[in-house]
Amino acid sequence: MFTGIVEERGEVVAVQDLPDAARVTIAGPLVTSDARLGDSISVNGVCLTVVEVADGAFTADVMRETLVRSSLDKITPGEPVNLERAAEVGKRFGGHIVQGHVDGTGVILSRETSPHWDLVRVGIPHRLARYLVEKGSITVDGVSLTVVDVVDTENGAEFSVSLIPETLRATTLGVRAPGDRVNLEVDVVAKYVERLAAPHLAGNGPAAEENGVTAEEAGS
């Protein structure tokens, strides 16, 4: 589990293409300072397992499912990446609950720059749009952010986030431009609530009967 508070901006050292997979080596002196084999490190919001550690860098295997769902399929040597070690029990939880299980990718649509913050607008697929709420949480390339607003569109939704100078300095979001793909992880609590409530809202459980919700109403 992670918090979405990026610890370090690392750099991709090498990418080895494998059948239905890839092996990546990433330099990150801070996150590797106490890393051991089997540890989890978030790379642009993707939870990867350390298989090798040497000289301030770590290597991880990226399976096909991860390549399909995230922007790691296009990662290249020299590219900067956001890095975060797994959260420690008993420490302050600065962001929100982040699993490092990317739900999909979005596209940066625009960014508005001011002296003290940047306002970035991102397009999100229809299947993920329903999990967004104003002032809710979203993880973008591993960075825990607060949603400023949400606008529904024909293909899904657009949401905006405000980036403070520290976020612009410490993460790759400071250099992301319109057209760039970013990894997105929606709030896992919202997904659990939807899963648990679905049978009742569909008229198949006691909660639906108590509230007078019919299957037709639930599907409208």
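Tutor: The chain has a mean pLDDT of 89, with 91% of its residues at 70 or more; pLDDT is the predictor's confidence in each residue, from 0 to 100. This is a predicted model, in which local features need pLDDT of at least 70 and side-chain atom pairs count only at pLDDT 80 or more, while totals for chains, interfaces and linings use all residues. Residues are numbered from 1 along each chain as its sequence is written, and side-chain values use heavy atoms, leaving out hydrogens and water.

A salt bridge is taken as a side-chain nitrogen of Lys or Arg within 4 Å of a carboxyl oxygen of Asp or Glu, and the count comes to 14. One of them pairs Glu-7 with Arg-85, with 2.8 Å between the closest N and O atoms. Glu-7 sits in the segment before strand S1 (8–18) and Arg-85 in strand S6 (residues 80–85), so this pair ties together parts 78 residues apart in sequence. Helices (H or I, at least four residues) and strands (E, at least two) are DSSP runs, numbered from the N terminus.

Glu-194 and Arg-130 also form a salt bridge, at 2.5 Å from N to O. Because Glu-194 belongs to helix H4 (residues 188–201) and Arg-130 to the loop between helix H2 (126–129) and strand S9 (137–140), the parts tied together are 64 residues apart in sequence. Glu-194 is partly exposed, at 32% relative accessible area; buried means under 20%, exposed over 50%, and partly exposed in between (1.4 Å probe, protein chains only). Shared partners join Glu-7, Asp-34 and Arg-85 into one network of salt bridges.
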